[in-house]
Amino acid sequence: VGILQEVEKFNKQITVVTELKALESGEMAQVKTVYIGLGQGYFVDENAQYAGVVKPTADGWQEEIRNDLATSIRDVVKIYENEKLAEFVPLPVEIN
């Protein structure tokens, strides 16, 4: 019961974590990932050059590289970290 309560708590929150992701070139990049509960996530590197969307699947989180969203995702991270004033930032959402 306690585990289910923690999962439900996480599912209602926006969480930003720092992670390492492998680039297509084989290099590693440090990214910040914004998880919107358990439904969707977005990641971006510090320079806003590498970005993408993560979605939950039966096998874990599936990544889709979306470098075109890098500036918007970086803005979301800056808003979350109080480095930028809050504003509406449109990002794609897929609901299954």
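Gly41 stands opposite Val54 of strand S4. The model is predicted. Strand S4 spans residues 51–57 and pairs with S3 and with S5. Two aromatic pairs occur in the structure. One of them joins Phe43 and Tyr50.

**Strand pairing**
- S3 covers residues 40–45 and runs antiparallel to S4, with four bridges between them.
- S4 also pairs with S5, residues 60–65, through six bridges.
- The sense of the S4 and S5 pairing is antiparallel.
- Gly52 has Ile65 in S5 as its bridge partner.

**Hairpins**
- S3 and S4 form a hairpin with five residues between the strands.
- Ala48 in this hairpin has a positive phi near 55 degrees.
- The hairpin of S4 and S5 has two residues between its strands.

**Burial**
- Five of the seven residues of S4 are buried, so the strand is mostly covered.
- Phe43 counts as buried because its relative accessible area is 0%, under the 20% cut-off.
- Tyr50 is also buried, because its 9% relative accessible area is under 20%.

**Ring contacts**
- A pair of aromatic rings is described by the distance of the centres and the angle of the planes.
- For Phe43 and Tyr50, the centres are 5.5 Å apart and the planes make an angle of 50 degrees.

Terms used:
Residues are numbered from 1 along each chain as its sequence is written. This is a predicted model: local features need pLDDT of at least 70, side-chain atom pairs count only at pLDDT 80 or more; totals for chains, interfaces and linings use all residues. Side-chain values use heavy atoms; hydrogens and water are left out. Rings of Phe, Tyr and Trp (its six-membered ring) pair if their centres lie within 6.5 Å; planes under 30 degrees apart count as stacked, over 60 as edge-to-face and the rest as tilted. Buried means under 20% relative accessible area, exposed over 50%, partly exposed in between (1.4 Å probe, protein chains only). Two strands pair if DSSP finds at least two bridges between them.
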